[in-house]
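Here's a friendly walk through one protein model. Take a look at the structure first, and then we'll pick out some details together.

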Amino acid sequence: MKMAALCSEFGDLLQIKKQLISVISLCKERGLVHSVKWASELAFALDPLPKDELPPPPPFTEEDAQDLDALALAKSYFDLKEYDRAAYFLRGCRSHKAYFLYMYSRYLSGEKKKDDETVDSLGPLEKGQVRNEALRELRVELSKKHSAGELDGFTLYLYGVVLRKLDLLKEAVDVFVEATHALPLHWGAWLELCNLITNIEMLKSLSLPDCWIRDFFMAHMYTELQMIKEALQKYQSLIEAGFSKSTYIISQIAVAYHNIRDIDQALALFNELRDQDPYRIENMDTFSNLLYVKSMKPELSYLAHNLVEIDKYRVETCCVIGNYYSLRSQHEKAALYFQRALKLNPRCLGAWTLMGHEYMEMKNTSAAIQAYRHAVEVNKRDYRAWYGLGQTYEILKMPFYCLYYYRKAHQLRPNDSRMLVALGESYEKLSQHVEAKKCYWRAYSVGDVEKMALLKLAKLHEQLNESDDAAQCYIIYIQDIFSCGEQLEHAEVSTALRYLGQYYFKNKLYDEASLCAQRCCDYNDAREEGKALLRQISQVRDQAETPSAELFAPLSNNNTPVRRVSPLNLSSFTP
């Protein structure tokens, strides 16, 4: 897209800056700190406004004047987290601002009591029945005001939060959509809506306001729904429209690359982010996941020490330290830090999932299952938790359960070969061989990251005595392994060569059989079989010359749409 088109889509950046400054002030007055932070980071990425362009303060009503002193007092208590005290002095106030802070203080008071009780009475994995006792009363009061049309954008947002907490999700979605129309610039309402959208069809069905902030929401939503290509395009268009300095956008692009396992690109962006914002803690747990995957122990150690110096009681810091201990194979210590993260925030998705991984390492499958289930409750779109549940039930030898959870993971990541291979293994254990073949072939087709799909497919064909298909898969497997340019540690090239040597021999293709047998001699586990096959070939050739033949007859089974290949040419490959 051209710059002019983007600017017209976003209108005037000057106006966007003014809107951001206004909404920062409005959110700050109401204690909505996360929305203030988001809008402030975005405003900082745009050029400063000249003095005469600064937006005027919001209009001041008679009701605002009446509530001014009570609001100032209550806000001071609110900022000190004395929520009951703030609510007490706001009761009876009539202005929109005071009413929101009154209801919000009551909500946060209930949340604080619930969290305190949860930490005091429950272990990290126990499923508590502790609820925010204020929710039902708040719902009744807000519902009456809503019916009377007396809620502004902020109180609509709070009403939506209350409905979501009471698991009235459909009603919550409707109210959040209404909140975005009433106050499009409040990022908190968009973010809450994002957490309730489960698929692209649901997203398309929503009637959302036509505002520049909608593009940020759509980009965030695409990332959440694993539509990474679309997300990256959206973020690129936002950068070109004038938000190139936004650390928020850089962090979101880094997370998107993390989600598609483009580790080098994600690491480069996180390092750029650290240069621009060295005291940032947000998203550093995702950064630590990448360092963990790349086994970058010194860098992970440095990150952990650095975050401890900044704030050791942040959820992200605990997750980073947990990853560091996990990389050092100190799984008990790692689990302890993930538990600390969850005491700080019981809804931390990453901590639940990572704790599940640690319990898996410690062979504590029941605890792992509980941790993964909590992760799924926090976010049903977390494919890692569904995949983890599949793995735990695989250990417990319960293939029907495996199949269910791997299917869930596959639905969320349809082009992830690991999910497809896991699905194929489950189908194979349940003797659903046609489905297993389809999964393995699909895993190969979408780009098999672990180079295991073709091998498993070949072995399945071999097990079912479908020798032509097995040979075809082994050939492609060998060619793919060698074409990588590096020998993969788990590569079972010798297994493939052994089978192909015998296959060619049975089909009287002695030149190809001889070549495979010679290659078998390069591998310790196949050397004796290779020598034995060479002797057999030599004996047969001594008896008579063999006519040449086509490499393969037509495939005997159509379940696997394997491409036609030329005879195996190993002369150009060196093991």
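In which loop is Ser 295 found? Ser 295 sits in the loop between helix 16 (284-293) and helix 17 (297-311). Before going on, a quick note: this is a predicted model, so local features need pLDDT of at least 70 and side-chain atom pairs count only at pLDDT 80 or more, while totals for chains, interfaces and linings use all residues. Residues are numbered from 1 along each chain as its sequence is written, and side-chain values use heavy atoms, with hydrogens and water left out.

**The overall picture**

The protein chain comes to 30 helices and zero strands. Helices (H or I, at least four residues) and strands (E, at least two) are DSSP runs, numbered from the N terminus. Of the 575 residues in the protein chain, 51% are buried. Here, buried means under 20% relative accessible area, exposed means over 50%, and partly exposed is in between (1.4 Å probe, protein chains only). Contact means heavy atoms within 4.5 Å. Among contacts in the protein chain with a separation of 6 or more, 59% are between residues 24 or more positions apart.

Most residues other than glycine have a negative phi. Lys 363 lies in the loop between helix 20 (349-361) and helix 21. Are these residues buried or exposed? Ser 295 counts as exposed because its relative accessibility is 52%, and Lys 363 counts as exposed at 70%.

**Two buried residues**

Asp 382 is in a loop as well, between helix 21 (365-378) and helix 22 (383-395). With 4% relative accessibility, Asp 382 counts as buried. Leave aside its neighbours within four places in sequence, and Asp 382 is in contact with Leu 349, Thr 353, Ala 375 and Leu 412. Its C-alpha atom is separated by 9.2 Å from that of Gly 350, which is 32 residues apart from Asp 382 along the chain.

Ser 251, on the other hand, has its place in helix 14. Ser 251 is buried, with a relative accessible area of 1%. Which residues does Ser 251 contact, leaving aside its neighbours within four places in sequence? They are Leu 273, Arg 280 and Asn 283.

**Rings that meet**

Now for the aromatic rings. A search of the whole structure turns up 30 aromatic pairs. Rings of Phe, Tyr and Trp (its six-membered ring) pair if their centres lie within 6.5 Å; planes under 30 degrees apart count as stacked, over 60 as edge-to-face and the rest as tilted. Two of the pairs are in this table:

| Pair | Centre to centre | Angle between planes | Type |
|---|---|---|---|
| Phe 78 and Tyr 83 | 5.4 Å | 70 degrees | edge-to-face |
| Phe 216 and Tyr 248 | 6.3 Å | 40 degrees | tilted |

Phe 78 and Tyr 83 are both buried. Phe 216 is buried, at 0% relative accessible area, and Tyr 248 counts as buried at 7%. Phe 216 and Tyr 248 also belong to one aromatic cluster with Trp 38, Trp 187, Trp 212 and Phe 243.

Some rings have a charge over them (NZ of Lys or CZ of Arg within 6 Å of the ring centre and within 35 degrees of the ring normal). The charged end of Arg 85 sits over the ring of Tyr 77, 3.9 Å from its centre. Arg 340 lies over the face of Tyr 337, at 4.6 Å from the ring centre.

**Helices side by side**

The axes of helix 12 and helix 13 (residues 228-243) come within 8 Å and cross at roughly 150 degrees. Axes are lines fitted to C-alpha atoms, for helices over the stretch in contact, and angles run from 0 to 180 degrees between N-to-C directions. That makes helix 12 roughly antiparallel to helix 13. Angles under 35 degrees count as roughly parallel, over 145 as roughly antiparallel, 65 to 115 as roughly perpendicular and the rest as oblique. Residues of helix 12 that meet helix 13 include Phe 216, and those on the helix 13 side include Phe 243.
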